[in-house]
Amino acid sequence: MITFISFLMLLVLGYVLYGAFVETVFGAEPERRTPCYTMKDGVDYLEMPTWKVFLIQFLNIAGTGPIFGAIQGILFGPSAYLWIVLGCIFGGAVHDYMSGMISIRMNGASLPEIVGEQLGTGCRLALRVASVVLMVLVGAVFATTPADILDGMIPDSGFLWSKYFWVIIIFAYYILATLLPIDKLIGKIYPVFGLALLIMAGGLLYGIFAYDGALPEITDAFANHHPTSPMPIFPGLCITIACGAVSGFHATQSPMMARCMKNEKFGRPVFYGAMITEGMVALIWAAAAIKFADSLNVAGDTPYEKLISAMTNPETGKPSPAILVNEISKSWLGSVGAVLAILGVVAAPITSGDTAFRSARLIAADFMHYKQNRLYKRVLLSLPIFVIAGVLMFVNFDILWRYFAWFNQTLSVFTLWAITVWLARRSVREGADKYAFLVGLVPALWMTLVCTTYIFIAPEGFQFTHTLSYLLGGSITVVLLAYFVWWFGKIQKGIR
């Protein structure tokens, strides 16, 4: 319990202290007009109340990520606490804040344009394709997954209330959320769902203190308690827990709110603050999962064995975090918890899918320079996206989705390097602190090491030995660091 309380407090201190430092490094200018005024179109660019922007940003980046990822991640033991806290403060929150604020400075530009401006045309083209593909995949999967859950909740009654019925309903909502002005549907629904997720986390926080069960302490041995995964804690943990620590998907979402923020001074509470809040939610869910499981009379001697048993689907024999979410919510939160559980496993993924499609439209509009102020223009641009997603909904994603977690984190690598280059160029151009780029460089190097090592070591990767994977991942990271040092020296001398 001491470790949990201490780390929860560290997240708050991270926002107060390091968040303020990062804001200073960026150089937020309250007097500068933001894109919601300079680019206003009444659809994607329009001013919104800051509290609403925060809740939309929080739900955009959260969904089920800090719930399911944290439940799976706590099987790595107390190291999950460390990754959530340190990753969130020094990695994820910096990643989200800087990508959102740079987008503001670039008139609400989407992620591929931000990365391309800093890392070159090749990276811009690669991320244009990769980002749209990722958004379509997220949208397609987050339509079928909640449809499956809803289908299982309601007795068989033919097509009505079947999986395909729910897919049609969810997809219809996605179309509306993608095409309508952001304040008409997303702006009204998201704050409600975001607030509900926060209330849910608050109820669980009470349950952690009120109910029986053990919590991991930082003094416990660090080990991988996943029953079938040979993946070592590093880099496995950093891929398993993305939302709540570092997630590349977030940088595709931040530009949406960058187009609605009324003043740069709100960047820290909206971007950095939403990420810290997500980290707190992840920390709470990780602790609640292990404590709740330890209190159950289920198979297993250790809390980790009990957790695996508690979330195993009896029909498939496979772990399903959704089962545990449902049980914890109903047991600790009563009838309200049952409603919140449905929100967590059904509504949350839907609210990730709709903004994924909207992001895909915005990314495509940016690189095609195609204005979105008219409905027919939004329909023309979105139609191919919807058609492709509709086809993918009938494809088996078991193999494809195994690569999503790694792909997501690799996206964060590009974003963090773009942030580092942006800060380095500004320091030379404006005579600012020449080492300001370190706030981006350190997490960029770390995530580079994580992603390269993982793809070498993972079963879905090259399956090299642990030692060889660490050597290769470390070598690539060192080479990139050396190249950056060489490049920075050149621009300081005015050569480039």
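## Cavities, packing and buried residues

Me: About 50 Å³ is the volume of the largest cavity. What makes it a cavity, and which residues line it?

Reply: This is a predicted model, in which local features need pLDDT of at least 70, side-chain atom pairs count only at pLDDT 80 or more, and totals for chains, interfaces and linings use all residues. Residues are numbered from 1 along each chain as its sequence is written, and side-chain values use heavy atoms, with hydrogens and water left out. Now to your cavity: on a 1 Å grid over the protein atoms alone, a cavity is a set of points where a 1.4 Å probe fits but cannot get out, and lining residues have an atom within 4 Å of a point. The volume is the space filled by probe spheres set on the points, which are joined across faces, edges and corners. Phe58, Ala62, Gly63, Pro66, Ile67, Leu197, Met200, Ala201, Val281 and Trp285 line the largest cavity.

Me: Which helices supply the lining of the largest cavity?

Reply: At least two residues each come from α3 (50-62), α4 (65-73), α9 (186-210) and α12. The largest share, three residues, is that of α9. These helices are DSSP runs (H or I, at least four residues), numbered from the N terminus.

Me: How many residues in the lining of the largest cavity are nonpolar, polar and charged?

Reply: Nine are nonpolar, one is polar and none is charged. Here Ala, Val, Leu, Ile, Met, Phe, Trp, Tyr, Cys and Pro count as nonpolar, Asp, Glu, Lys and Arg as charged, and the others, Gly among them, as polar.

Me: What about the second largest cavity?

Reply: Its volume is about 40 Å³. The residues that line the second largest cavity are Ser110, Thr252, Pro255, Met256, Arg259, Ser359, Leu362 and Ile363. By class they divide into four nonpolar, three polar and one charged. Both α11 (249-258) and α14 supply at least two of the lining residues.

Me: What is in the lining of the second largest pocket?

Reply: Unlike a cavity, a pocket is an open set, with protein on both sides within 12 Å along at least five of seven lines. The second largest pocket holds about 500 Å³ of space. It is lined by 17 residues, and those closest to its centre are Met39, Tyr45, Arg259, Asp366 and Lys371. The lining of this pocket has seven nonpolar, four polar and six charged residues, and α14 gives the most to it, with three residues.

Me: Why is α12 called roughly perpendicular to α14?

Reply: Helix α12 (residues 267-294) packs against helix α14 (residues 321-368) at an angle of about 80°, and their axes are 11 Å apart. That angle makes the pair roughly perpendicular, because this name covers 65 to 115 degrees, while angles under 35 are roughly parallel, over 145 roughly antiparallel and the rest oblique. The axes are lines fitted to C-alpha atoms over the stretch in contact, and angles run from 0 to 180 degrees between N-to-C directions.

Me: Which residues make the contact of α12 with α14?

Reply: From α12 come Trp285, Ala288, Ala289 and Phe292, and from α14 come Leu324, Val325, Glu327, Ile328, Ser329, Ser331 and Trp332. Contact means heavy atoms within 4.5 Å. Eight of the residues in this contact are nonpolar, two polar and one charged.

Me: How do you know whether Trp332 is buried or exposed?

Reply: Buried means under 20% relative accessible area, exposed over 50%, and partly exposed in between (1.4 Å probe, protein chains only). Trp332 has 7% relative accessibility, so it counts as buried. Not counting residues up to four places away in sequence, Trp332 touches Leu204, Gly207, Ile208, Tyr211, Ala288 and Phe292.

Me: And why is Ile208 called buried?

Reply: Its relative accessibility is 0%, so Ile208 counts as buried. Ile208 lies in helix α9, and its contacts beyond four places in sequence include Ile284, Ala287, Ala288 and Trp332. The C-alpha atoms of Ile208 and Ile284 are separated by 8.1 Å, although the two are 76 residues apart along the chain.

Me: Are Lys184 and Gln463 partly exposed or exposed?

Reply: Lys184 has a relative accessible area of 49%, so Lys184 is partly exposed. Gln463 has 56%, so Gln463 is exposed. Lys184 sits in the loop between α8 (163-179) and α9, whereas Gln463 is in the loop between α17 and α18 (466-492).
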